[in-house]
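The following note sets out points for a colleague examining the coordinates. It moves from the overall fold to individual side chains.

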Amino acid sequence: MYCYASQLMNITLRGRIFDASRFVIDVFDSSERSIGRFDGEFPAKDPRGKFGDSELQCEVMVGSWYARDRSSEKLPFYLTLESETGGTLENRYSVAGAADDKLIDRNAQRFWEAVKRGDKYTVANLVKYPITIYTKKGYKKIRNAGSLIRNYDVIFTPDYVDAISKAIPKNMFVRDQGIMLGAGEVWFGPDGKVITLNNF
């Protein structure tokens, strides 16, 4: 499956590989109707150079996407491996001890939206306490929601809010220590609560 960053809804994919290097991946809507197709290949070398001159296996996928009714032009795509995690499609966050992926995604999206809106009360209710944050005077332990609300503007600076806003709160990287939003700006625990705010 995949999703659009603007919608954050799962879109089903099913595909097959030909001759070890070419593939087609069909896109399905919620009623299982095929609505689009990725038609491409795994190149031996990265056409954009991200992997240098290395010989590739399946780290890069290139080709064209088009609607199945052929009503639109073919659009080029370039997909590259960003990170790898354990788990399964049904429970990708199990590595961090999470039993319910939907809860994690729901809380991550609520937190993300609240930060973008400046809704400090919702943000504070989605944090697991105590939590350590960074201030200009050094690190500080925040013991409850009231304390986080009082320190909100110190923690959620414009740059930090911008970094969180650019992250995608779905299909996040996961490891045994938690579930990571963005480039590590925020980490969630197995209950979907925020356990780390890397605001420095």
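1. Contact order and overall make-up. In this predicted model, 42% of the contacts between residues at least 6 apart in sequence join residues at least 24 apart. The secondary structure comprises five helices and 11 strands. The C-alpha trace spans about 60 × 45 × 30 Å along its principal axes, and 39% of the 200 residues are buried.

2. Geometry and ends of helix α1. Helix α1 covers residues 101-117, which is 17 residues. From first C-alpha to last it reaches 24 Å, close to the 24 Å expected at 1.5 Å a residue. After the helix comes Gly118, which has a positive phi near 75°.

3. The buried side of α1. The buried residues in this helix are Asp101, Ile104, Asp105, Asn107, Ala108, Phe111, Trp112, Ala114 and Val115. An α-helix has 3.6 residues a turn, so residues three or four places apart point the same way. Ile104, Ala108 and Phe111 are among the buried positions of α1. The packing partners of the buried residues are the helices α2 (120-125), α4 (152-155) and α5 (158-166), together with the strands β9 (178-181), β10 (186-188) and β11 (194-197).

4. Nonpolar cores. Which residues have the most contacts inside the largest nonpolar core? They are Phe111, Leu148, Phe156 and Leu197, in a core of 33 residues. Two or more residues each are given to this core by α1, α2, β6 (131-135), α4, α5, β9, β10 and β11. Helix α1 supplies the largest share, six residues. Apart from this core lies another, of 11 residues, which includes Ile11, Ile25, Val27 and Ala67.

5. Surroundings of Phe111. Leaving aside neighbours within four places in sequence, Phe111 is in contact with Val123, Leu126, Phe156, Ile164, Val186, Phe188, Val194 and Leu197. Two of these partners, Phe156 and Leu197, are also named with Phe111 for having the most contacts inside the largest core.

6. Aromatic pairs. The model contains 12 aromatic pairs. One of them joins Tyr134 and Tyr139 in an edge-to-face arrangement, at 5.3 Å centre to centre and with 70° between the planes. Tyr134 is partly exposed, with a relative accessible area of 32%, whereas Tyr139 is exposed, at 58%. Elsewhere, Tyr2, Tyr4, Phe23, Phe38, Phe42 and Phe77 make up one aromatic cluster.

7. Charges over rings. The charged end of Arg14 sits over the ring of Phe28, 4.0 Å from the ring centre. The charged end of Arg48 sits over the ring of Tyr78, also with 4.0 Å to the centre.

8. Asn198. This residue lies in the segment after β11. Is Asn198 buried, exposed or partly exposed? Asn198 counts as partly exposed because its relative accessibility is 24%, and the buried class requires a value under 20%. Not counting residues up to four places away in sequence, Asn198 touches Tyr160, Gly184, Glu185 and Trp187. With Gly184 there is a polar contact: the backbone oxygen of Gly184 is 2.6 Å from a polar atom of the Asn198 side chain. Ala183 is 15 residues from Asn198 in sequence, and their C-alpha atoms are 9.8 Å apart in space.

Key:
Residues are numbered from 1 along each chain as its sequence is written. This is a predicted model: local features need pLDDT of at least 70, side-chain atom pairs count only at pLDDT 80 or more; totals for chains, interfaces and linings use all residues. Side-chain values use heavy atoms; hydrogens and water are left out. Helices (H or I, at least four residues) and strands (E, at least two) are DSSP runs, numbered from the N terminus. The expected span of a helix is 1.5 Å times one less than its number of residues. Buried means under 20% relative accessible area, exposed over 50%, partly exposed in between (1.4 Å probe, protein chains only). Contact means heavy atoms within 4.5 Å. A nonpolar core is a set of buried Ala, Val, Leu, Ile, Met, Phe, Trp, Tyr and Cys residues joined through side-chain atoms within 4.5 Å. Rings of Phe, Tyr and Trp (its six-membered ring) pair if their centres lie within 6.5 Å; planes under 30 degrees apart count as stacked, over 60 as edge-to-face and the rest as tilted. A charge sits over a ring if NZ of Lys or CZ of Arg is within 6 Å of the ring centre and within 35 degrees of the ring normal. A polar contact is a pair of N or O atoms within 3.5 Å; within protein, one must be able to donate a hydrogen and the other to accept it, and residues adjacent in sequence count only if both atoms are side-chain atoms.
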